[in-house]
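The sequence and the coordinates come first.

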Amino acid sequence: MTDLHPLTQAIIDGRRKDAPGLVQQCLDAGESAGSILENRLVPGMMIVGDRFKHNEIFVPEMLIAARAMKEALKVLEPSLVAAGVKPEHTAVIGTVEGDLHDIGKNLVAMMWKGANIEVIDLGVNVPAARFIESIKENRPKLLGLSALLTTTMPAMRDTVKAVRDAGLAIKIMVGGAPITREFAREIGADGYSPDAGSAVDAAVELLKATA
Amino acid sequence: MQYKSLAIEDPSELIFGVAPRPVTTLSGMVIGGGTVYPELNFTLPPMRIDASTMAEVRRNYEQIIADALRRAAELDAPGVVIEFETLPPMTEYPAWGLDIVKILLEGMKQEADRSGLQSVLRMTPNDNREFERPPLMRRGRYWNAMLELFEGSAAAGAELLSIESVGGKELHDEALLNGDLAGSLFSLCILGERDMRFLWRSLQEIADRHGVKCAGDTACGFGNTAMVLAEQRMIPRVFAAVVRAITAVRSLVAYECGAVGPGKDCGYENPILKAITGFPMAMEGKSSACAHLSPMGNLAAACCDTWSNESVQNIKLLGGMAPTCYMEQLIYDCRLMNIASSHGKESALQLQRWMVESDEMLDPQAFILSPRSCVNLAKVIVSSDSYYHAGVAVARRAVELLHGAYSQGKLRIEPNEVIWFDNMRDALDELPASEAEFIAQQLARADRTRFLPKEYDLEV
């Protein structure tokens, strides 16, 4: 196995005190902000996400890595802004109207962020109109909808329909305990994820299709 | 802490069907008096709930109660607990919830008139306070609507009042995802305890006004969230098991405020509370896989007084509508327990041993909820001088029990979970000795956009 870059390894290990200094070292060595993000930080989080997907680690351990990433980004942010580097994709996510459950939705948001997707989280109990407003404002390529109650599945259907009726060009991914692939297809969603662990792969696949 | 000693000190006395302080219903059921009763809960199929669909909603509940009770009578059930756990709009608009209460009570009366089947209604409104973020815990429209539904239900004849209260949950979800024991303790033993006391005093006033009973609460949004996250391999099972032990400190408060059981079905911490209070408890296990998975389908029945299915959608199965099918399953489970008891204490204990042994070694959550562990944990709680200290002590004891069993080869733990014994011990060692210091520490850390300290009588 090849040795990873020290910054990538620091992210994987969740060493949040070391990560900012290692970012600075890369910048001082002349590496571009975009390269540091793309080749050092994101690969670290992808490895962490992969370990999680394969049940080697748990969410708390993944969050430790995410915090190291956050500290690293604090140092990198000004250089990214100066260089005009933005995440390639933006996503809007929320739990549909009438539903308060958000653990799964929060996990998906976190994992998407780790995959360098800018995530706008609208929270819980979100009416269709609020999703549409945010899509118009932020122009994301991906919309994530979550529902945990059988009685809020109709709200998910309504939201998908409202977004489609508004003529917004966006991929819609859905999930939640009562949601099935068949239901996702039936209501016109583009993608479905049975759990947070597979939400990144599903999102990446959808986003590739939009490219 | 009100309880200073245990009602059940001997694990062999912590057994299904028998509680030192049974509950007698108006229809004559004696819960905890030697018989395990089925407790059926149900929900709607995927459908919208609003004014335009209420006719269809009513039809669903009319059909559910008529069919399920008829089957219960056909199978000679000794009595039935019906739980009506509302869906959020039914609590937000209490008139809708009350409509259903009346339908269920009428269905229960009709079956009693027809066949003599005894039954009792447990009313469980939603705790919609968290619809507001950060939640208002003691005022506002969600609080008012919830109390209005409790009041109306009690007046209509719902004899047992329950809730899955959410005080502290606004911080606990994050604590779970971070594997943060201190955060969990703050949510459960500081925020949860304060909210439970305020809430359950209000509920007891309602119960007293109408001559009904406060039954009990559950830390479902805390302990079951942890258990399900662990089932999904999001968080370590050992961590979820330790959180479960702490939840007992929070759920105990309902009984300190006047609740008498049967404790709410999804409170898997209930055996610990039965040992402390002596009140009967509802439990759920294998028959609640329709609602969520658990690692203790048999063991959960070891000390139940009512046996529940948690919740099942009203959909058609090959055998019939799902609530009716689940009523049948529950009745057969109860028959087995009751027939074992009828053959004497040793027979009941033999069945209980099989229930416990089938699950205990395979999962930390199951291990921590065996009758032996529960009595052990209950002793720690009643020996403590505050809810905070009880939470810390019971967490520490849970870690000791789990690690001890693992070290002796009596409990299976996944290799990537073993490090969590040290993680949790370190976290407990780092906690301040005094509750005031702990509260100050947690308030400094807590996300104020998520909760309002004043709603818990906490000064910043």
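The sections below take the model from overall fold to local detail.

## Basis of the report

This is a predicted model, in which local features need pLDDT of at least 70, side-chain atom pairs count only at pLDDT 80 or more, and totals for chains, interfaces and linings use all residues. Residues are numbered from 1 along each chain as its sequence is written, while chains are lettered from A and ligands numbered from 1 in the order in which they are written.

## Overall fold of chain A

Chain A contains 9 helices and 5 strands; helices (H or I, at least four residues) and strands (E, at least two) are DSSP runs, numbered from the N terminus. Their order along the sequence is α-α-α-α-β-α-β-α-β-α-β-α-β-α. The radius of gyration of chain A, 18 Å, is close to the 17 Å given by the globule rule for 211 residues, so the chain is as compact as a globular protein of that length. The radius is taken over C-alpha atoms, and the rule is 2.2 Å times the number of residues to the power 0.38. The C-alpha trace of chain A spans about 55 × 35 × 25 Å along its principal axes.

Of the 211 residues in chain A, 52% are buried. A residue is buried if 20 or more other C-beta atoms lie within 10 Å of its own, exposed if 12 or fewer, and partly exposed in between, with C-beta atoms placed from the backbone. Among contacts in chain A with a separation of 6 or more, 74% are between residues 24 or more positions apart. Two residues are in contact if their C-beta atoms, placed from the backbone, lie within 7 Å.

## The parallel sheet

The strands of chain A form an open sheet of 5 strands in the order β2-β1-β3-β4-β5, with parallel pairing. Strands pair if DSSP finds at least two bridges between them. The edge strands are β2 and β5 (191-192) of chain A, each of which pairs on one side only.

Strand β1 (residues 89-95) of chain A is joined to β2 (residues 117-121) by 5 bridges, and Ile93(A) has Asp121(A) in β2(A) as its bridge partner. β1(A) also pairs with β3(A) over 5 bridges in the parallel sense, where Val92(A) stands opposite Leu143(A). On the other pairings, β3(A) and β4(A) share 5 bridges, with Gly144(A) partnered by Met173(A) in β4(A). Strand β4 (residues 171-175) of chain A is joined to β5(A) by 2 bridges, and Val174(A) stands opposite Tyr192(A).

Since 6 of the 7 residues of β1(A) are buried, this strand is largely enclosed by the rest of the structure. In β3 (residues 142-146) of chain A, 5 of 5 residues are buried. In a regular strand the side chains alternate between the two faces of the sheet. Both faces of β3(A) are covered, with Leu142(A), Gly144(A) and Ser146(A) on one side and Leu143(A) and Leu145(A) on the other.

## Nonpolar core and chain contact

The largest nonpolar core has 235 residues, and those with the most contacts inside it are Ile11(A), Trp112(A), Leu104(B), Val242(B), Val394(B) and Ala398(B). Such a core is a set of buried Ala, Val, Leu, Ile, Met, Phe, Trp, Tyr and Cys residues joined through C-beta atoms within 7 Å. Helix α8(B) gives the most to this core, with 14 residues. Beyond its neighbours within four places in sequence, Trp112(A) is in contact with Ala91(A), Ile117(A), Val119(A), Ala199(A), Val200(A) and Ala203(A).

Between the chains, 24 residues of chain B are in contact with 18 residues of chain A. Helix α5 (residues 169-178) of chain B gives the most to the chain B side, with 3 residues.

## Helix α13 of chain B

Helix α13 (residues 371-382) of chain B has 12 residues and reaches 16 Å from its first C-alpha to its last, close to the 16 Å expected at 1.5 Å a residue; the expected span is 1.5 Å times one less than the number of residues. Because 9 of the 12 residues are buried, α13(B) is largely enclosed by the rest of the structure. The buried residues include Pro371(B), Cys374(B), Leu377(B) and Val380(B). Their cover includes α8 (237-256), α9 (270-277), α11 (345-360), α12 (364-368) and α14 (387-407) of chain B.

Val380(B) counts as buried because it has 22 C-beta neighbours inside 10 Å. Leaving aside neighbours within four places in sequence, Val380(B) is in contact with Ala393(B), Val394(B) and Arg397(B). The C-alpha atoms of Val380(B) and Arg396(B), 16 residues apart along the chain, are separated by 9.7 Å.
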